[in-house]
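Thanks for making the time this morning. I would like to take you through one structure, and I will ask you to keep the sequence and the model in view while I talk.

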Amino acid sequence: MLFTHDTEVSLRAAVDLVNAEEPPLTLTTVAELDAFYARHGYTGRRDRTTAELAEVRALAPRLRALLLATRDDAAELVNAMLARTGATPRLVRHGDQDWHVHAEGPDASLATRVVVETAMAMIDVVRADEHSRLAVCADADCEGLVLDLSRNRSRRYCSATCTNRNAQAALRARRAVTA
Ligand SMILES: [Zn+2]
Ligand SMILES: [Zn+2]
């Protein structure tokens with residue numbers, strides 16, 4: 001494992017949220033936010049309102065900028081985000097999850113928790129100088145983000161769709177050469 005479990009969970013959630021705003025949009029209903037919440041193991045406050053959905057979706061540009069920032073810029077963005085929310089890190093243990101860090105109480109809005117958790121995760125990325133793990137998808141027409149936590153840094157595409165499209169294009173190109 002490259003980072004601690006909670007850091008990897010938070011990075012995956014942030015990338016998922018940013019990519020949901022790329023076509024095809026996948027975070028447009030409260031039900032889709034329910035699925036996002038469940039998929040990334042969130043706990044704590046849920047309003048299940050369209051206002052909450054809008055607040056979470058509106059984070060995408062800021063999270064995208066943070067995830068793709070250079071190391072020095074990321075450090076400043078993290079500090080600003082944490083200062084603005086008055087985050088207070090503490091160790092918590094709940095459900096089947098062993099000790100990990102929460103920097104917001106369970107009553108903070110979901111959008112606030114997502115911002116703070118992403119900022120906390122980026123602390124680890126900055127300290128480890130692992131920004132190359134975050135990149136824009138290698139597909140020429142896709143702006144999705146790729147989070148590569150693999151040992152051999154083999155991930156280039158944001159999704160199975162982009163991986164398959166490019167594998168097929170490469171295959172066609174090879175066939176054209178040998179034909
Ligand atoms: Zn937790
Ligand atoms: Zn892609």
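Predicted model: local features only at pLDDT ≥ 70, side-chain atom pairs only at ≥ 80, totals over all residues.

Let me begin with His 40, which, once residues up to four places away in sequence are set aside, touches Val 9, Arg 12, Ala 13 and Asp 16. His 40 sits in the loop between α2, residues 30-39, and α3, residues 50-57. Is this histidine, His 40, buried or exposed? His 40 has a relative accessible area of 13%, and because buried means under 20%, His 40 counts as buried.

Now to the metal. Which residues supply the protein donors of the zinc ion, ligand 1? They are His 94, His 100 and His 102, each through NE2, and they lie 2.0 to 2.1 Å from the zinc ion. Along the sequence, the donor residues of this ion follow the spacing H-x5-H-x1-H.

The next residue is Cys 158, found in the loop between β4, residues 145-147, and α7, residues 160-178. Cys 158 is also buried, at a relative accessible area of 19%, a value that falls under the 20% cut-off. Leaving out neighbours within four places in sequence, the contacts of Cys 158 are Asn 19, Cys 137, Cys 142, Gly 144, Leu 145 and Val 146. Met 120, by contrast, is 38 residues from Cys 158 in sequence, and the two C-alpha atoms are 23 Å apart in space.

Let me step back to the whole chain. The protein chain has seven helices and four strands, and read along the sequence their order is α-α-α-α-α-β-β-α-β-β-α. The radius of gyration is 18 Å, close to the 16 Å that the globule rule gives for 179 residues, so the protein chain is as compact as a globular protein of that length. Along its principal axes, the C-alpha trace spans about 65 × 35 × 30 Å.

Of the 179 residues, 40% are buried, and among contacts between residues at least 6 apart in sequence, 53% join residues at least 24 apart. The chain exposes about 10100 Å², with carbon and sulfur atoms supplying 54% of that area. Finally, on charge, the mean positions of the 23 positive and 25 negative charges are 5 Å apart.

Key: Residues numbered from 1 in each chain as written. Chains lettered and ligands numbered in written order. Heavy atoms only, no water. Donors = N, O, S within 2.8 Å, 3.2 Å for Na, K, Ca; no water. Helix = DSSP H or I, 4+ residues; strand = E, 2+ residues; numbered from the N terminus. Rg over C-alpha atoms; globule rule 2.2 N^0.38 Å. Buried < 20%, exposed > 50% of the residue type's maximum accessible area, 1.4 Å probe, protein only. Contact = heavy atoms within 4.5 Å. Areas by Shrake-Rupley, 256 points an atom, 1.4 Å probe, with all protein chains shown as cover. Lys, Arg positive; Asp, Glu negative; His and termini not counted. Charge placed at Lys NZ, Arg CZ, Asp CG, Glu CD.
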